[in-house]
Amino acid sequence: MSELPPKPTCAACQYGAALEFDFSMAFQPIVDIRDRSLYAYEALVRGTDGSGAASVLGRVNDQNRYAFDQACRVKAVELASRLQIPCLLSINFLPNAVYKAATCIRATLDAARRFNFPTQRIIFELTEGEELQDKQHLKDIIDEYHKHQFRTAIDDFGAGYAGLNLLAEFQPDIIKLDMALVRDIDTHTVRQAIVQGILGVCRALDIEVIAEGIESVGELRHLHGLGINLFQGYLFARPAFEALPAVDWPTL
């Protein structure tokens, strides 16, 4: 039996293919309510004029997905260094845009060295909104990232394609509860039960939990009462374009 031909390499990773459009980032804080400290800033894609993510993501297709994913990582690290982010930096990534983790991570490592940003302060967020074509491929990505001291997170947990089934395949360092689960949770008994179940699983697996999309003090108080300490949302700060917004600290 003849051997299968080798798979083509990811040209965007190998040759640094340029995007045909430019973009920038806004930053939103993730806070630790215990001591009112900054845990991380999430880098969020924006147009160069500050327009929303949709104006950029609408231009991403199968032909430029690799280059866009690589450019996002480099842009986030560059701006984080320029803004002197004093905590962790959280970057969203597209697992289906990663051909081979060890190869496609090179641009991130080069950017971290070039802009003097420690790799151990980078979190890579996988969004559940992207359907995973190969769970073993994702596990390989996570394993490779951990080798380089990157932290990993599942964004929008409880929405999208995977849910708890994804935790059976691999365990990230962090999950971010989807805002649909935390919305009005202080008055919604079904969401309370679901979140309590997720927290039990995460405690057993030693996975940190961030509640995102927090908009009311009631949501904050209830989730804090369940043992969550890390929060993100408009209650604390809206994303700031190419800047680090000040945090409003509500009274618990």
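## The largest pocket

The largest pocket holds about 720 Å³ of space, where a pocket is an open set of points on a 1 Å grid over the protein atoms alone, with a 1.4 Å probe and protein on both sides within 12 Å along at least five of seven lines, and the volume is the space filled by probe spheres set on the points, which are joined across faces, edges and corners. Of the 30 residues that line this pocket, E42, L44, A53, N92 and D155 are the closest to its centre, lining residues being those with an atom within 4 Å of a point.

This is a predicted model, in which local features need pLDDT of at least 70 and side-chain atom pairs count only at pLDDT 80 or more, while totals for chains, interfaces and linings use all residues. Residues are numbered from 1 along each chain as its sequence is written, and side-chain values use heavy atoms, with hydrogens and water left out.

## Elements of the lining

At least two lining residues come from each of β1 (24–32), β2 (37–46), α3 (65–82), β3 (88–93) and β5, and β2 supplies the largest share, five residues. Helices (H or I, at least four residues) and strands (E, at least two) are DSSP runs, numbered from the N terminus.

## Strand β6 and its partners

Strand β5 (residues 151–157) pairs with β6 in the parallel sense over three bridges, pairing requiring at least two DSSP bridges, and F157 stands opposite L177 in β6. With strand β7 (residues 208–212), β6 forms a parallel pairing over four bridges, and here I175 stands opposite V209.
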